[in-house]
Amino acid sequence: MLDGPIPDSTLRSAAVLEMMHNVSLIIDDILDESDERRGKSTLHCRFGLLPALMASGYIVADGYLMSAKDPFDISLFSELLKRLAMAECLQWRLRRSPLGVKDWLKIAGEDTGSMFEICACLGTRNENLREFGHLLGVLYHGCDDVGDVKGLESLGGGGEEDLRDGILTLPASLAIRDSRIRTLFCKPHPSDRELDVIGAAMRAKLPEAEEYLDKLAAQAKEEAQSRSPNPAPLFALIEHTRELSRR
């Protein structure tokens, strides 16, 4: 959205944000017991659990060192790490629970939503586009959930792990409105056959999930229109994100 070259400070902020993002992926892969991410071995599978955990701490420390002279960035990165930690704990504490779309929204908002919020604040150096970032992040989270059910590896995969662990995704929150599916979803150790039944119910809810994502995209566009004097680049971001689940 800048007319001229991107300032070095913005590039640094973006680099540190991506470092923090990678830390969240390392931990997420450990919790999910994932062997691969985007077709490559996860860090803990390739090098071991201890090196993966220590590497995540090293990355965080290095990110703060890079931002040492920028209190604004340090404040935002601290907020981000706390909210990502809360989101991960919330997601696992509420797994296999008879929840709904509102609960999914809360989890998605603290997970991917917080990441995009911070990105928006870092880019503008103020709070003007925070809510836009939040909506865009929730939209991405939902597209990721739908993409996982469709088996779209380009979004990182993880659908099988989420189903196995009883993680509340957008398709799951719609599928468990059916009492029969809700009972299976909440079982401590569903059988492979029961997981197949839940998976089929989630796939059946994909059209409804896509409609919900369209509504989120519309809300993000309204926020962009009201907050930015030049919303066209923000509209492009929304369209790009919305297309992710349609590949």
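Me: What kind of model is it, and what goes into the values?

Reply: It's a predicted model, so local features need pLDDT of at least 70, side-chain atom pairs count only at pLDDT 80 or more, and totals for chains, interfaces and linings use all residues. Residues are numbered from 1 along each chain as its sequence is written, and side-chain values use heavy atoms, with hydrogens and water left out.

Me: Which residues of α5 are buried?

Reply: In α5 (residues 101–110), Val101, Trp104, Ile107, Ala108, Gly109 and Glu110 are buried. Buried means under 20% relative accessible area with a 1.4 Å probe, protein chains only. Helices here are DSSP runs of H or I with at least four residues, strands are E runs of at least two, and both are numbered from the N terminus.

Me: And what covers those buried residues?

Reply: The cover includes α4 (71–93), α6 (112–124), α7 (130–150), α9 (170–175) and α12 (206–227).

Me: How do α4 and α5 pack?

Reply: At an angle of about 145 degrees, with axes 8 Å apart. Axes are lines fitted to C-alpha atoms, for helices over the stretch in contact, and angles run from 0 to 180 degrees between N-to-C directions. On the α4 side, Arg83, Leu84, Met86, Ala87, Leu90 and Gln91 meet Lys106, Ile107, Gly109 and Glu110 of α5; contact means heavy atoms within 4.5 Å.

Me: What about α5 and α6?

Reply: Their axes come within 3 Å and cross at roughly 40 degrees. That makes α5 oblique to α6, oblique being what's left after under 35 degrees (roughly parallel), over 145 (roughly antiparallel) and 65 to 115 (roughly perpendicular). Ala108, Gly109 and Glu110 of α5 meet Thr112, Gly113, Ser114 and Glu117 of α6.

Me: Where is Asp111, and what does Asp111 touch?

Reply: Asp111 sits in the loop between α5 and α6. Neighbours within four places in sequence aside, Asp111 is in contact with Leu84, Ala87 and His141.

Me: Switching topic: what lines the second largest pocket?

Reply: It has 13 lining residues, with Asp29, Arg37, Ser41, Thr42 and Leu43 nearest its centre. A pocket is an open set of points on a 1 Å grid over the protein atoms alone, where a 1.4 Å probe fits, with protein on both sides within 12 Å along at least five of seven lines; lining residues have an atom within 4 Å of a point.

Me: Which helix gives the most to that lining?

Reply: α1, with 4 residues.

Methods:
Buried < 20%, exposed > 50% of the residue type's maximum accessible area, 1.4 Å probe, protein only.
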